[in-house]
Each structure stands twice: as C-alpha cells, then as structure tokens.
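Dear colleague,

Please find below the structure that I am handing over to you. My findings follow it.

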Amino acid sequence: MDELLTLDDAERLAAEVVEPGAWGYIAGGAGDERTLRWNREAFSRCRLRYRVLVDVSEVSTETTVLGSSVSMPVLVAPMAYQQIVHEEHELATARGAAEAGTLMCLSTVANATPTEVAQAAPDGPRWLQLYVFRDRGVSDAVVEEALAAGFTALVLTADLPVYGIRHRETRAGFEFPEDDVPALAAARARGADTGDHTLTILESGLEWDYVTELRERWGVPVVVKGLVTAEDARIACEHGAGGVVVSNHGGRQLDGAIASLEALPEVVEAVDGRAEVYLDGGIRRGTDVVTALALGARAVLVGRPVLYGLALGGAKGVAQVLDILRDEVENALALLGCRSPDEVTRAHVVTGFPP
Ligand SMILES: Cc1cc2nc3c(=O)[nH]c(=O)nc-3n(C[C@H](O)[C@H](O)[C@H](O)COP(=O)(O)O)c2cc1C
C-alpha cells in the first residue's frame with residue numbers, strides 16, 4: 001500500500017491482484033472503448049485559470065449533496081458484484097466511504113442488502129441505485145428495504161435499457177456471479193429466468209413517467225443517472241428529478257457516446273439550477289474534480305478506482321483511494337485560489353484545447 005500514491009497507482013497495482021475475468025469486466029468499456037478513452041481525454045482538453053494572492057490558509061473540501069454533508073465533492077459510484085474483488089464486498093466499500101466521510105451509492109446488483117450496508121456503516125450517507133426489474137415487485141422490495149435502512153435518495157440508472165457490447169469481459173471469460181446477489185435471488189424466487197444474461201431480467205421499456213412515479217410513491221429525491229443531453233436534462237427537471245448524473249456509464253454502454261465532461265456544460269445550462277448536477281466518468285485526479293466543478297457540477301462520482309482500492313485493501317484501500325482524492329482536491333482548491341468547492345466558477349476553466 002506504500003506504493004499507492006495516485007489513483008493510477010491503484011489501477012496498476014490492482015491489475016496484479018484481480019482475477020483476469022473480473023478485470024475484463026471492471027476495467028473494460030463497450031465496443032472499441034472509444035468513449036472509455038474520451039472520458040479521460042476530455043479532461044486534457046481543459047486548462048485551469050487560477051487566481052493568486054487569495055488567503056487560502058483555511059481550505060475546506062466539504063459540501064452537501066441533496067442536503068447530506070460530505071467531506072468532499074466526490075461520491076462513490078454504484079458498482080455491481082463487488083465480491084469479485086473482495087470477500088467483504090459492498091460492506092467494505094461502505095466502511096471505507098464512511099471513513100473518508102463521503103457518500104456511497106449502492107448498486108441494485110450488489111452482494112449485500114441495503115440493511116447490511118447500513119449496519120456496516122451506520123453513519124455513512126447512502127443512496128440506492130435502482131435498476132428496475134420487469135417484475136416490479138422485486139424493485140419495490142429493494143427500495144422499501146433501502147428507505148427503511150436510511151438511504152436518502154434513489155438513483156435511477158437510465159442508460160442501461162439493454163446491456164452494452166463489452167468484448168473485454170467476453171474475451172476474458174467473465175462469468176456473471178449470480179449467486180450471492182440478494183436482488184437477483186429474490187427475482188429468481190419469484191420466477192424470473194436469468195438464464196440468457198442476468199440483466200435481461202431488467203426492464204427495457206421504462207419512460208420518463210417512471211421518474212414521477214418513483215418520486216410520488218417513495219417521497220425521496222430521485223436522481224437520474226446516465227444522461228448526456230440538454231434535452232433529457234430538461235425533461236428530467238420537468239419530472240421533478242432532484243439531481244442528474246451526467247454519465248455514459250464509464251464508457252460501458254454506447255461506444256461513441258460523448259464524453260461525460262463534454263456533455264456537462266449543456267446539461268448545466270438546461271438544468272439552470274432546478275436540480276443538482278453531478279458527473280462521473282474518468283475522474284482520476286483532484287484537478288479533474290475541480291474541472292468538473294468549474295463546468296457546473298456540484299459533485300462527481302468515482303467508479304473503478306474505488307474497486308481498485310477495495311481489491312488492494314478492503315475498507316482501508318477504499319478509504320485510501322478516497323483520501324488521496326480528497327487531499328488532491330484540497331490542494332487544487334488552494335492553488336486555484338478557492339477556499340471551498342462553492343468558490344470554483346466557470347471562470348476557472350478554459351475548454352477546447354487539443355488533448
Ligand atoms: C465494475 C462496474 C460495475 C458497475 N455497475 C453499475 C451498476 O450496478 N449501476 C450503475 O448505475 N452503474 C454501474 N457502473 C457505472 C458506474 O456507476 C459509473 O458510472 C462509472 O464507473 C464511472 O466511470 P469511472 O469508472 O471512470 O469512474 C459500473 C461500473 C463499473 C466499472
């Protein structure tokens with residue numbers, strides 16, 4: 001763990017310990033992995049404009065997301081099947097996130113139940129990511145359990161009406177570990193056939209009225225995850241979304257899709273303060289975080305690097321990855337001339353450079 005100084009170190013070190021099939025699933029993207037690459041490259045097209053002679057003797061990285069206090073504008077993205085890298089799976093991720101003072105978004109397709117996650121990290125703020133089963137009774141039961149266990153928002157993933165074409169995981173021989181996923185077990189117990197591909201038991205026919213339905217039924221904020229256009233951002237607001245995540249699922253769904261950072265400005269403009277705007281995809285440095293803030297994000301989510309930390313050291317590894325990011329965000333804020341995330345503005349970034 002002494003070698004772990006950056007999130008790229010975490011990737012390099014985790015590649016040595018994660019089983020090859022699981023590595024193909026985690027690290028890979030869809031198609032030719034163009035969007036996966038573009039998510040990173042988009043940050044190289046931006047340059048930061050920093051201000052000087054600002055008193056930054058006290059810098060705080062703290063902020064809030066939908067009213068929850070977090071130690072930094074960095075949240076843990078929902079990721080399925082965490083048992084493939086560590087036996088303590090989502091429970092360790094929850095503990096690591098809580099130790100780092102930030103929020104974890106639990107995947108529907110997790111190896112732990114919402115109740116178990118809440119027990120593992122009672123003080124950690126938490127949201128539930130929702131994949132909707134064709135059999136709505138399964139989704140309803142997960143939501144009900146999560147809300148009873150203190151999860152405070154529902155994150156509806158909208159960019160997986162069907163599963164992306166992911167050659168890396170196929171070539172690596174990744175087999176979806178269907179056992180030990182409580183939501184899948186519940187679906188099977190109610191007669192769902194997971195034979196073809198696990199995720200074929202998810203609903204492909206969702207439309208926007210489902211956002212309203214979720215909000216009205218459960219009475220908690222609904223965050224729509226996986227949109228990249230001003231058009232969809234506007235509709236999300238019209239349906240009362242409390243937040244949107246500008247995301248292409250980490251380049252794992254539609255290859256050729258716009259990089260999430262490139263889509264951020266149009267979404268921010270369309271939302272126009274009606275909802276909180278978050279971004280994920282390719283966040284690997286504190287400077288990436290402040291770049292996203294400058295382009296209007298309230299916070300970012302980080303995906304793969306958290307799993308790399310989990311693989312390397314369980315809860316400690318997760319906390320270490322998040323602490324690295326927090327330190328880098330603090331450093332970037334000070335050097336930008338900002339005392340808090342709120343002080344980062346559009347004037348702090350210039351876009352459109354060649355990568
Ligand atoms: C292994 C893995 C599993 C994922 N599982 C889910 C999931 O269950 N639900 C979801 O909404 N997004 C899922 N995602 C997408 C992440 O939430 C996030 O959008 C993406 O990883 C961000 O990009 P990054 O990995 O470059 O930070 C998954 C991503 C990875 C890498």
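Of the 355 residues of the protein chain, 53% are buried, meaning that 20 or more other C-beta atoms, placed from the backbone, lie within 10 Å of the residue's own. Please note that this is a predicted model, in which local features need pLDDT of at least 70, side-chain atom pairs count only at pLDDT 80 or more, and totals for chains, interfaces and linings use all residues. Residues are numbered from 1 along each chain as its sequence is written.

The protein chain contains 13 helices and twelve strands (DSSP runs, H or I of at least four residues and E of at least two, numbered from the N terminus). Its radius of gyration, taken over C-alpha atoms, is 19 Å, close to the 20 Å from the globule rule for 355 residues, so the chain is as compact as a globular protein of that length. The rule is 2.2 Å times the number of residues to the power 0.38.

In the largest nonpolar core, which has 122 residues, Val-244 and Val-300 touch the most other members. Such a core is a set of buried Ala, Val, Leu, Ile, Met, Phe, Trp, Tyr and Cys residues joined through C-beta atoms within 7 Å. Helix α13 (residues 304–336) supplies the largest share of this core, 17 residues.

As for the ligand, 22 residues lie around it, of which Ala-77, Ser-107, Thr-157, Gly-250 and Gly-303 come nearest; a residue is counted if its C-beta atom, placed from the backbone, lies within 6 Å.

Yours sincerely

Key
A residue is buried if 20 or more other C-beta atoms lie within 10 Å of its own, exposed if 12 or fewer, and partly exposed in between; C-beta atoms are placed from the backbone.
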